[in-house]
Amino acid sequence: MSLYPDVQRKAQEELDRVVGPNRLPDFEDYHELLYIKAVLLEAMRWMVVVPLSLPHRVIRDDEYKGYIIPEGTIVNPNIWAMLHDPEDYPEPERFNPDRFLKDGKLNPDVRNPLTLAFGFGRRVCPGRHLSDGSLFMMIASVLHTFDIHPVIDEDGKEYDPTSEVITGLISAPERIPCRLTPRSKNAEELIRQLSTT
Ligand code: HEM
């Protein structure tokens, strides 16, 4: 969000309209918070958590589009490439939640990244619904109550968290220096109430 202040502003406008200042978002708001959903989809697409999924071993000879895949071959699905395919997602390096929205709804013609980001087939991630719900609530709650600002690095430039990404089975920014400030007195009160319940 510190890299994309316009996205943050749009998400907060939606939260202000749907949730209002006196409470935190909850799952009742799920179907109303379309832009938050689009932010979640774009986050899962843009910074793929498990870029090469998990390796699978082929248990019998197979053929795919003319390629012979012998029994015993280890296959790594390249989820990162699928979620950065410019045919499905034009300008794939740009964080653009609007790509998922059309006429005030989620656009069914854009491939849903959640059908790829958690793997597929018999070994699809069993934690996907838990993750989807938790991420939705985390994104909505943080953006409802805080403004996220960039920090300035040693060279006087805005720090770009994508410049240091952990490589390996899981990818994520290594450090996420940013500054969080409560959005308002009401927001501060909501955060304090939460810490005492
Ligand atoms: C953003 C969060 C998550 C992402 C992106 C993610 C992604 C994945 C992916 C790509 C796979 C490999 C699927 C395949 O082999 O085709 C996987 C497997 C798995 N995930 Fe997740 N996962 C997430 C969260 C979770 C959570 C919260 C749990 C548990 C509560 C979980 C439990 C598992 C397990 C047990 C497997 C192995 C399934 C099997 O081989 O049968 N994951 N996950």
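Me: Is S53 buried or exposed in this predicted model?
Reply: Happy to start there, with a residue in the loop between α2 and β1. The relative accessibility of S53 is 11%, and the cut-off for burial is under 20%. Because 11% falls under that limit, S53 counts as buried.

Me: Which loop holds D103, and is D103 buried or exposed?
Reply: D103 also has a positive phi, near 50°. Its loop runs between β5 (101-102) and β6 (105-106). With a cut-off of over 50% for exposure, the 70% relative accessibility of D103 makes this residue exposed.

Me: Where is L54, and how accessible is L54?
Reply: L54 sits in the loop between α2 (34-46) and β1 (56-57).

Me: Which residues make the nonpolar surface patch of about 340 Å²?
Reply: L54 is one of the patch residues.

Me: Which element gives the largest share of the lining of the largest pocket?
Reply: This pocket holds about 1,100 Å³ of space. Its lining has 29 residues, with L54, H56, V75, P77 and F120 nearest the centre. The elements giving two or more residues are β1, β2 (62-64) and α5 (128-145). The largest share, three residues, comes from β2.

Me: How many charged residues are in the lining of the largest pocket?
Reply: Let's go through that lining by class. It has 18 nonpolar residues and five polar ones. The charged residues number six.

Me: How many charged residues are in the lining of the second largest pocket?
Reply: The second largest pocket has a volume of about 880 Å³ and a lining of 27 residues. M1, A43, I139, P173 and I176 lie nearest its centre. Elements giving two or more residues to this lining are α2, α5, β9 (172-173) and β10 (178-182). By class, the lining has 24 nonpolar residues, three polar ones and no charged residues.

Me: What share of the protein's residues counts as buried?
Reply: The protein has six helices and ten strands. Its C-alpha atoms fill a box of roughly 65 × 45 × 35 Å along the principal axes. Of its 197 residues, the share that counts as buried is 35%.

Conventions
Residues are numbered from 1 along each chain as its sequence is written. This is a predicted model: local features need pLDDT of at least 70, side-chain atom pairs count only at pLDDT 80 or more; totals for chains, interfaces and linings use all residues. Side-chain values use heavy atoms; hydrogens and water are left out. Patches are made of residues with over 30% relative accessible area and no salt bridge: like charges are joined within 9 Å, nonpolar side chains (Val, Leu, Ile, Met, Phe, Trp, Tyr) within 5 Å. Accessible areas come from the Shrake-Rupley method with a 1.4 Å probe; for residues, only the protein chains shown count as cover. A salt bridge is a side-chain nitrogen of Lys or Arg within 4 Å of a carboxyl oxygen of Asp or Glu. Helices (H or I, at least four residues) and strands (E, at least two) are DSSP runs, numbered from the N terminus. On a 1 Å grid over the protein atoms alone, a cavity is a set of points where a 1.4 Å probe fits but cannot get out, and a pocket is an open set with protein on both sides within 12 Å along at least five of seven lines; lining residues have an atom within 4 Å of a point. Grid points are joined across faces, edges and corners, and a volume is the space filled by probe spheres set on the points. Ala, Val, Leu, Ile, Met, Phe, Trp, Tyr, Cys and Pro count as nonpolar, Asp, Glu, Lys and Arg as charged, and the others, Gly among them, as polar. Buried means under 20% relative accessible area, exposed over 50%, partly exposed in between (1.4 Å probe, protein chains only).
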